[in-house]
Amino acid sequence: ANQLVAGAEAVNFSERTGALNYIRFGENGPARFEDLLKKQQPWMPVFKGPVSFVEQSQFQDELGMTHRRMKVHVDGIEVEGGMVIVHEKNGRVASINGDLFRVNVPKENPTIDTIQALRLAKNHIGAQTYMWEVPGADARLKQETSDPKASFLPKPQLVFAPKDGQYKRDNFVLAWKMDVYAHAPMSRQWIFIDAKTGDILYKLDRIHTADVLGTAVSRYSGT
């Protein structure tokens, strides 16, 4: 483990991503996760663009450990499903776990714009009415969320997403991600559309099923 990551006592490889998905450090572990990012690490996948980790949340548990959740971005674009959780104790990194998917496509301008993407999503779902078209629905949402900007109208986000929903290395493309809430018949889904071709990559039902990526078979190396 120490040969792969300096100061590590144990590491775990994911066969799904081909990268480390767990690192446990000893007493000589790095003081900060950011210290590991000052240069390209041999244990990190090779990306087509600069990689960054954007903190989403952090909390301290009853044992005094701090847990920081970070989303993975490549060239400033979020990698769907890419997440790293850093566990810190006594001011040092104790362990890291998460998924790092190799994104082997360069950042390019999408050929499908947000208006086209929304139209493609609506055509794919084929609902009669959508929530943002229902009179008063957005007003109620603003009141319930205390957010004057809240709306059911989808706001497509540019991401790197896996083709056919298969979360594995070298399977990511530039895509539009949007939350589409249909009123009649009722459904709510995350829709992922190829930003170059307009193809529907996959969708995740937000009402009837949980968004679960699955558990990968791994191989372990430790001391």
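Me: Where is Lys177 found?
Reply: Lys177 lies in strand 9, which spans residues 172-184. Helices (H or I, at least four residues) and strands (E, at least two) are DSSP runs, numbered from the N terminus. The model is predicted: local features need pLDDT of at least 70, side-chain atom pairs count only at pLDDT 80 or more, and totals for chains, interfaces and linings use all residues. Residues are numbered from 1 along each chain as its sequence is written, and side-chain values use heavy atoms, with hydrogens and water left out.

Me: How many helices and strands does the protein chain have?
Reply: The protein chain has two helices and 12 strands. Read from the N terminus, the order is β-β-β-β-β-β-α-β-α-β-β-β-β-β.

Me: Is Lys177 buried or exposed?
Reply: Buried means under 20% relative accessible area, exposed over 50%, and partly exposed in between (1.4 Å probe, protein chains only). Lys177 has a relative accessible area of 11%, so it is buried. Of the 223 residues of the protein chain, 44% count as buried.

Me: Which side chain does Lys177 join in a polar contact?
Reply: A polar contact is a pair of N or O atoms within 3.5 Å; within protein, one must be able to donate a hydrogen and the other to accept it, and residues adjacent in sequence count only if both atoms are side-chain atoms. The side chain of Lys177 makes a polar contact of 3.1 Å with the side chain of Glu80. For plain contact the criterion is heavy atoms within 4.5 Å. Leaving aside neighbours within four places in sequence, Lys177 is in contact with residues including Glu80, Lys155, Trp190 and Phe192.

Me: What can be said of Ala175?
Reply: Ala175 is also placed in strand 9. Its relative accessibility is 0%, so Ala175 counts as buried.

Me: How is a pair of aromatic rings described?
Reply: The description uses the distance of the centres and the angle of the planes. Rings of Phe, Tyr and Trp (its six-membered ring) pair if their centres lie within 6.5 Å; planes under 30 degrees apart count as stacked, over 60 as edge-to-face and the rest as tilted. By this rule there are seven aromatic pairs. In one of them, the rings of Phe101 and Phe172 have centres 5.2 Å apart and planes at 35°, so the pair is tilted. This pair links distant parts of the chain, 71 residues apart: Phe101 is in the loop between strand 6 (92-99) and helix 1 (114-125), and Phe172 is in strand 9. Tyr167 and Tyr202 form an edge-to-face pair, with 6.2 Å centre to centre and 80° between the planes.

Me: Which residues form one aromatic cluster?
Reply: The cluster consists of Phe101, Tyr167, Phe172, Phe192 and Tyr202. Phe101, at 2% relative accessibility, counts as buried.

Me: Which strand supplies the largest share of the lining of the second largest pocket?
Reply: Strand 9 does, with four residues. The lining has 13 residues, and Leu153, Pro154, Lys155, Asp179 and Trp190 lie nearest the centre of the pocket. On a 1 Å grid over the protein atoms alone, a pocket is an open set of points where a 1.4 Å probe fits, with protein on both sides within 12 Å along at least five of seven lines; lining residues have an atom within 4 Å of a point.
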